[in-house]
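These are my notebook entries on what I looked up in this structure. I set them down for a reader who meets the structure here for the first time.

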Amino acid sequence: MKENNVVIIGGGAAGLSAALFASRSGAGVTLLEKNEKFGKKLYITGKGRCNICNACDTETFLRSVQRNPRFLYSSLRFLSPDDLQALINSLGCPTKVERGNRVFPVSDHASDVSKAFLNALRGQALKLQAEVLDILAENGRVAGVRVRDALGEREIPCGCAIIATGGASYPVTGSTGDGYRFARALGHTVTELRPSLVPLVVQEAWPKQLQGLSLKNVCLTASIHGKIKYCEQGEMLFTHFGISGPLVLSLSSVLATADWKDVHLTLDMKPALTAEQLDARVLRDFKDNPRKQLQNILPALLPSRMAELFPALCGVSPAKQPAQITAAERGRIVNTLKALPLTVIGTRPMDEAIVTCGGVSVKEINPATMMSKKVNGLFFAGEVMDVDAFTGGFSLQIAFSTGALAGKSAAEYLAAQ
């Protein structure tokens, strides 16, 4: 059994994919999951619908990977987004492509994705509520794993092991950092772990007053020491602690390793207009409403809740009529509309992050096989590695692709022993 057995630790996207490709390549598979069900994290992706992947070409895909994109060339060549869609369709779970090239199951049920893999793995050893305590190695190669399950603590001999335990985000799904502990114990470097795709906490008090307000077609710009690091247009959300929404999550990913005290962040609420065009628009509104107070003119430019707060943000009395507003005050109104400052003091905690920035150093993993360069028979897949990407199906694709390559490579490694 030992010579032809792959133990896979973690039954999420990476683990399920690894198990399928290892078994299809002729290896016996033992899939260990400490939760009460497989694919628990899949159930919360895509708002419960499971955003399987993104139907884009490889170069576009890699531009959405924030850390170590080149490391993924081999795994994406082995299982591309097109290949993944074809695979999941072949497993009896039809897929569809929606806005932004996001791929979902036709049923809109995340459970159908994990069921498709599990049905294909019938006949393999699939064990729930089995917690791996250690990976055992002898003479620089994997020899087995020590596990605690309904039978108590015991050792499972194996020729190789695949760590597919996920990152440190969403610990309620079982991603509690076990994989990092296993990797360190076997001599691997784990880079600093930080939350990514996570809401941001700001110093200003006024966003709390706008809690729940979503702004569309706005632009966020972040610079560090005068150099622009992020400038994107889209949607954001005000919260009781600061800001969130798609723009903010992407920003948090791009600057996940930055020191937030060095980041200068501004919000442009009228990105379609230049400052000169916006000034002309404001002048026209003033001319058309000479008797109205500023607070009653602004709703034509801003959502009503934002308009109510805005005069205080630019230091102009809300009761002033256009004739009373000086050129300097009008300039402050325009400048604040185009570059409203926000002071980021940090992120929300790791357990609120969608993915983890950091992980097992990819310098110590062979990208062509996903096998450790330090321990023979030890493989890695998914978020446990120092690779992370934007929302939109990219992270799950990385999990499925690296898992598939690790599974096939593990089976080939065993066959060659």
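**Entry: Asp108.** I began with Asp108, which is partly exposed because its relative accessible area is 27%. I count a residue as buried under 20% relative accessible area, as exposed over 50%, and as partly exposed in between, with a 1.4 Å probe and protein chains only. Asp108 sits in the loop between strand 6 (102–105) and helix 5. I noted that its phi is near 65°, a positive value in a residue other than glycine.

**Entry: basis of the notes.** The model is predicted, so that local features need pLDDT of at least 70 and side-chain atom pairs count only at pLDDT 80 or more, while totals for chains, interfaces and linings use all residues. Residues are numbered from 1 along each chain as its sequence is written, and side-chain values use heavy atoms, with hydrogens and water left out. Helices (H or I, at least four residues) and strands (E, at least two) are DSSP runs, numbered from the N terminus.

**Entry: Leu197.** I then turned to Leu197, in the loop between strand 12 (194–196) and strand 13 (200–202). Leu197 is not a glycine, yet its phi is positive, at about 50°. Is Leu197 buried or exposed? I recorded it as buried, because its relative accessible area is 1%.

**Entry: strand 2.** Strand 2 (residues 28–33) is mostly covered, with five of its six residues buried. I looked up its partners, taking two strands as paired if DSSP finds at least two bridges between them. Strand 1 (residues 5–9) runs parallel to strand 2 and is joined to it by five bridges. Between strand 1 and strand 2 the chain passes through helix 1 (residues 13–24), and this β-α-β crossover is right-handed. By right-handed I mean that, with the strands pointing away from the viewer, the path from the first strand over the helix to the second runs clockwise. Strand 2 also pairs with strand 7 (residues 125–128), in the parallel sense, over four bridges. In strand 2, Leu32 stands opposite Ile9, and Leu31 stands opposite Leu126 of strand 7.

Entry: Ser17 has its place in helix 1. Ser17 counts as buried because its relative accessibility is 1%. Which backbone oxygen does the side chain of Ser17 reach? I found that of Phe400, at 2.7 Å. For contacts (heavy atoms within 4.5 Å), I left aside residues up to four places away in sequence, and Ser17 then touches Phe117, Phe400, Gly403 and Ala404.

Phe117 lies in helix 5 (residues 110–120) and is buried, with a relative accessible area of 1%. Beyond its neighbours within four places in sequence, Phe117 is in contact with residues including Leu16, Ser17, Leu20 and Phe400.

**Entry: the cavity.** I searched for cavities on a 1 Å grid over the protein atoms alone, a cavity being a set of points where a 1.4 Å probe fits but cannot get out. The structure holds one cavity of 30 Å³ or more. Its lining residues (an atom within 4 Å of a point) are Val282, Asp285, Phe286, Leu294, Ile297, Leu298, Leu301 and Ile333. Helix 9 (275–288) and helix 10 (294–297) are the elements that give two or more residues to this lining. The largest share, three residues, comes from helix 9.

Technical notes
A polar contact is a pair of N or O atoms within 3.5 Å; within protein, one must be able to donate a hydrogen and the other to accept it, and residues adjacent in sequence count only if both atoms are side-chain atoms. On a 1 Å grid over the protein atoms alone, a cavity is a set of points where a 1.4 Å probe fits but cannot get out, and a pocket is an open set with protein on both sides within 12 Å along at least five of seven lines; lining residues have an atom within 4 Å of a point. Grid points are joined across faces, edges and corners, and a volume is the space filled by probe spheres set on the points.
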